[in-house]
Amino acid sequence: MPDSAGAGMPALSATPRNGAMSDVLATLPSQLQEHGGSPEDMTFLRDICGDASLQSLVKVHDKLKSYIKISPAPMLANSATLTDDLTEELQGQPTNSDVRELLTLLSKPHVKAVLSAHDSVAQKDFVPVLPPLPDDLDDDEESVKIIRLVKNKEPLGATIRRHEETGAIVVARIMRGGAADRSGLINVGDELKEVNGVRVDNKEPEEVIQILAQSQSAITFKIVPAFKDESQSKDTKIYLRTFFDYNPRGDVAIPCKEAGLPFLRGEVLQVVSQDDSMWWQAKRTEQSNMRAGLIPSKHYMERRLAARQPASPPIVQKSSKSRLLSTVEEGEESYACEDLKTEDPGYDGHGVYIAGLRRSFRLSRQSRKTSKLMYESKRSAEYDASEVSTYEEVLQYQHQPGDKYRVIVLVGPPGVGINELKRRLIASDPSLYSGTVPTTTRQKKSHEKDSKEYYFVSRHLFEADLHNNRFVEYGEFKGNLYGTSVDAIRSVVNAGKVCLLDVSPPAIKSIRTPEFKPFVIFVKPPSLERLRQTRGAAKSSGDKNPARNFTDEDFQEMLGTAARMEAQFGYLFDKTVVNDELAAAYRELRAAADSLERETMWVPLSWVLS
């Protein structure tokens with residue numbers, strides 16, 4: 001029975017007449033024609049089989065096959081020695097034209113190389129033999145090596161410095177992924193003796209750089225290798241989210257500005273080397289094949305930021321006059337929550353109680369001055385341990401079936417429209433999205449139910465929970481305390497829903513834990529002109545709702561508050577939504593909420609390993 005794999009295919013003769021591949025190619029077109037091949041296929045096949053290059057390769061193949069069958073053995077294994085003897089003998093004899101021609105041929109380097117290769121193959125001696133060391137070698141003489149690198153448009157990826165004690169020019173660092181690193185021939189600590197034949201012992205590093213810059217096609221180094229202690233290698237592969245902007249061009253403390261890696265706040269970098277305690281080497285995660293660049297280490301950057309005095313210019317380190325173009329301001333600005341619109345701060349006017357106790361923007365400035373309401377958030381030991389934030393170690397995380405939903409936190413200035421965005425998202429799917437129930441010390445009204453509109457507790461119990469850090473934020477209004485408790489957030493999450501939380505920015509730190517894994521969305525106002533066009537339309541149309549009648553002073557305050565929030569707490573924001581047009585902002589918010597279940601995202605390392 002024929003094999004199923006060959007069904008429907010012509011049975012071609014696989015055995016050539018003389019056992020040669022050339023015979024197979026010669027008979028292949030005629031055999032295919034007998035089995036009804038199309039004219040186009042036959043023409044194509046003849047062209048291929050008749051190609052001169054293919055024919056030559058086939059003939060070489062056939063010759064080698066025939067030669068292997070003979071199992072040839074070398075006639076002699078010392079042809080090079082025999083040639084030397086012959087040359088010596090011929091030189092002592094009377095010469096004619098034939099002898100002179102033979103001597104000339106035998107003296108050519110390529111003939112000698114062929115004969116040497118023949119002897120190595122005949123003797124099956126394929127291991128190279130190094131020449132013996134000279135007898136008069138000085139024991140104190142330094143060993144050197146010659147390195148030749150082909151130069152292209154890519155930087156060498158190495159820095160040099162003058163050794164403090166010896167004054168020698170040495171390799172200071174090798175940038176991971178650069179040309180020098182990939183060659184594997186140059187190491188940190190190697191001493192440069194010559195560059196392109198020019199001695200550099202008595203030159204400044206800048207002069208050596210100039211020689212390198214003038215090199216055309218290749219660079220030749222003569223170096224004294226340094227002792228390499230493998231046990232001290234600190235190569236790493238960790239991922240950091242940046243909490244500040246950095247431009248190496250404006251930082252005079254960096255060893256080499258050209259080697260610096262600029263980045264913006266919120267980018268994720270892969271740190272590939274921590275050999276230097278002050279300057280790490282990192283790459284952008286989306287460009288893993290690129291040459292690494294220098295960034296200030298976490299400890300070094302925190303030291304520089306902590307040394308900065310309030311209201312001072314950008315960071316200046318006196319010893320090196322280092323300056324960063326983008327910095328983090330010293331200390332934290334306290335944020336006072338605005339007054340509540342009614343006695344029920346958690347009610348949004350649409351039958352939905354908002355967990356974050358969203359404050360109304362529309363109150364007179366006089367009432368803001370006289371109100372006692374001040375929200376505070378509990379302190380977070382993890383973040384308050386350091387007054388400055390530079391980097392955060394992160395890993396990729398994707399929501400898995402059975403995982404609890406991440407808490408969605410909305411922050412933004414009063415009047416920006418967070419209440420309406422939150423209401424729309426809850427209304428789109430009440431079985432999935434939910435706010436939290438606030439806690440209060442005021443008396444329950446006749447139509448209210450405990451744990452529905454509010455959790456009603458005594459002032460003593462509220463203050464006890466407050467003392468035990470069980471509130472994310474709290475405040476007092478008209479003699480009554482209101483707050484958003486951690487237990488209220490936990491109850492929504494444990495019920496299998498997405499908790500929507502509206503808090504002031506300082507409160508983010510207290511819930512930024514592995515349990516809640518918050519996704520923080522900053523709702524930002526549009527430009528002043530757009531605010532006048534959109535929010536001002538209600539006033540011009542005679543809208544009776546005082547909460548929608550804004551003045552230019554209100555708009556300026558909204559924009560100023562947004563700018564302060566973003567400058568101080570922007571490193572905690574995962575996404576920014578500009579509420580220019582409400583419907584578009586809602587669609588963007590809904591898309592971001594949906595992506596939490598599908599997409600892989602960078603989150604703090606502790607959230608994944610806990």
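A residue is called buried here when its relative accessible area is under 20%. By that criterion, both Trp279 and Tyr300 are buried in this predicted model.

**Aromatic pairs**

The ring centres of Trp279 and Tyr300 lie 5.4 Å apart and their planes meet at 70 degrees, so the pair is edge-to-face. Trp279 belongs to strand S9 (residues 279-284) and Tyr300 to helix H9 (residues 298-306), and the pair links distant parts of the chain, 21 residues apart. The structure holds 13 aromatic pairs. Another of them joins Tyr246 and Phe263, whose ring centres are 5.6 Å apart with planes at 35 degrees, so this pair is tilted. Tyr246 and Phe263 both lie in the loop between strand S7 (235-242) and strand S8 (268-273), so the pair ties together parts that are 17 residues apart in sequence. Tyr246 and Phe263 are buried. Both are members of one aromatic cluster, which also includes Phe244, Trp280 and Tyr391. A charged side chain also meets an aromatic ring: Lys517 lies over the face of Tyr397, at 5.6 Å from the ring centre.

Helix H14 (residues 486-494) has Val486, Ala488, Ile489, Val492 and Val493 as its buried residues. Viewed down the helix axis, these residues fall within an arc of 165 degrees, so they line one face of H14. They pack against strands S16 (433-434), S18 (455-456), S19 (471-477), S20 (480-485) and S21 (498-502), and against helix H15 (508-511). After H14 comes Gly496, which has a positive phi near 80 degrees.

In soluble globular proteins, nonpolar side chains tend to be buried together. The largest nonpolar core of this model has 24 residues, and those with the most contacts inside it are Val407, Val409, Val411 and Ile489. At least two residues of this core come from each of strand S15 (408-411), H14, S21, H15, strand S22 (519-524) and helix H18 (552-569). H14 supplies the largest share, four residues. Beyond its neighbours up to four places away in sequence, Val411 touches Ile418, Val503, Pro505, Ile508, Val520, Ile521, Phe522, Val523 and Phe573.

Helix H18 also contains Gln556, a residue that counts as partly exposed at 46% relative accessibility. The C-alpha atoms of Gln556 and Leu528 are separated by 7.4 Å, although the two residues are 28 residues apart along the chain.

**Salt bridges**

Side chains of opposite charge can pair when their charged atoms come close. The count for this model comes to 29 salt bridges. Three of them are listed below.

| Arg173 | Asp276 | 2.4 Å |

Arg173 is buried, with a relative accessible area of 10%, whereas Asp276 counts as partly exposed at 24% relative accessibility.

For the second pair, Arg512 is in the loop between H15 and S22 and Glu392 in strand S14 (residues 391-397), so parts that are 120 residues apart in sequence are tied together. Arg512 and Glu392 are buried.

Arg424 is partly exposed, at 29% relative accessibility.

Elsewhere, Glu191, Lys193, Glu194, Arg199, Asp201 and Lys222 are linked in a network of salt bridges.

Key:
Residues are numbered from 1 along each chain as its sequence is written. Side-chain values use heavy atoms; hydrogens and water are left out. Buried means under 20% relative accessible area, exposed over 50%, partly exposed in between (1.4 Å probe, protein chains only). The arc is that of the directions from the helix axis to the C-beta atoms. Contact means heavy atoms within 4.5 Å. A nonpolar core is a set of buried Ala, Val, Leu, Ile, Met, Phe, Trp, Tyr and Cys residues joined through side-chain atoms within 4.5 Å. Rings of Phe, Tyr and Trp (its six-membered ring) pair if their centres lie within 6.5 Å; planes under 30 degrees apart count as stacked, over 60 as edge-to-face and the rest as tilted. A charge sits over a ring if NZ of Lys or CZ of Arg is within 6 Å of the ring centre and within 35 degrees of the ring normal. A salt bridge is a side-chain nitrogen of Lys or Arg within 4 Å of a carboxyl oxygen of Asp or Glu.
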